[in-house]
Amino acid sequence: MEEGTKVGVKPATTRKHMAQQVLIATLGSEPQVVTLVLDLLQAKRHPITEVVVMHTIGEAVRPALKRLAEEFATPGTCTYRPVPVERDGWPIADILTEADTAALLRTLYRVVLTEKRAGRLVHLSIAGGRKPMAVYGMVVAQLLFDEDDRVWHLLSEDWRPGNERVMHVRPGDRVSLVPIPVLRWSAVSPVLTELAVREDPWEAIQTQRSIRQEEDHRRKREFIEHHLTRAERELVRLACRGLDNATIARQLHKSEKTVANQFTPIYEKLHEWRGFRQDIPVSRPLLIAEFAGYFALEGK
């Protein structure tokens, strides 16, 4: 091994959660993207106990797998577990087709879900391998990550393809981890929701979409029924049917000016409820876009 930070487990000083931590890394032909990320995480005092490497089995990847096996064979290093991307139970050689990307998503989802069910904190490195590995890694993170899980990209300013491989961080190396923000689908931990029992990512995506739609509909019902008066609810319902103020006024036996004035407090309440900036006005099109689907589902 080169001089510098070695592969090994370092104790953490302070952590909000004492859960075990695992590094899940995508791999292409460059094995150093795994060991460099591990070095940098350990330098940040993350006590990684296991490294899981997601890979295909093409000829370009095999030497990288061999090198990593040698690196982690040293006693006292992290547990190392290579996981091939599989389709119908068979490892795939590369990610070239739609079927290959579907297999990638399922494999990534299964691996991360297993770690989350076990209560582990996950660090996902998307620095290695084909671009779909990074894309689908982010999809899985959106579905399954908790607040303390992290996605990382590796930034190396000195290394270029074809250069000598440096497997570990050396003094003076310009290499760093870049945290990738994850916009999670739910603020609730996935292991506490229906996602924890979904083995298939496509099913999980549909489930999460349904959960979000139901939550959105519930919040809109709360606004309509508890923030608006009965008269205001009727105005919004008629507006969402596409009626203009003149037609609404005739139906409600009011003047058009009265109807226009009654929409003003509705806009103000919607503005406050949605938490819009003060310089963003609420208009009739926005009101209709917000609630037309609600009234359609309610059959009103």
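Helices H8 and H9 pack at an angle of about 60 degrees, their axes lying 11 Å apart. Helices here are DSSP runs (H or I, at least four residues), as strands are runs of E of at least two, numbered from the N terminus; axes are lines fitted to C-alpha atoms, for helices over the stretch in contact, with angles between N-to-C directions running from 0 to 180 degrees. The two helices are therefore oblique to each other, a class left for angles that are not under 35 degrees (roughly parallel), over 145 (roughly antiparallel) or 65 to 115 (roughly perpendicular). The model is predicted, and local features need pLDDT of at least 70, side-chain atom pairs count only at pLDDT 80 or more, and totals for chains, interfaces and linings use all residues. Residues are numbered from 1 along each chain as its sequence is written, and side-chain values use heavy atoms, with hydrogens and water left out.

H8 passes H9 in a left-handed crossing, that is, with the near helix turned anticlockwise from the far one by less than a right angle, clockwise being right-handed. In this pair, Phe-263, Ile-266, Tyr-267, Leu-270, Trp-273 and Arg-274 of H8 meet Arg-284, Leu-286, Leu-287, Glu-290 and Phe-291 of H9, contact meaning heavy atoms within 4.5 Å.

Helix H9 comprises 15 residues (284–298), which at 1.5 Å a residue should span 21 Å; the 20 Å between its end C-alpha atoms agrees with this. The expected span is 1.5 Å times one less than the number of residues. A kink of about 40 degrees is centred on Phe-291, the bend being the angle between axes fitted to the seven residues ending there and the seven starting there. Arg-284, Leu-287, Glu-290, Phe-291, Tyr-294 and Phe-295 are the buried residues of H9 (buried, under 20% relative accessible area; exposed, over 50%; partly exposed, in between; 1.4 Å probe, protein chains only). Gly-299, with a positive phi near 70 degrees, follows the helix.

The axes of H6 (residues 230–240) and H7 come within 10 Å and cross at roughly 130 degrees. That angle makes H6 oblique to H7, and the crossing is right-handed. Glu-234, Leu-235, Leu-238 and Ala-239 in H6 meet Ile-248, Gln-251 and Leu-252 in H7.

Most residues other than glycine have a negative phi. His-253, in the loop between H7 (245–252) and H8 (256–274), has a positive phi near 60 degrees and is exposed, with a relative accessible area of 74%. Arg-45, in the loop between helix H1 (32–43) and strand E2 (48–55), has a positive phi near 70 degrees and is partly exposed at 34%.
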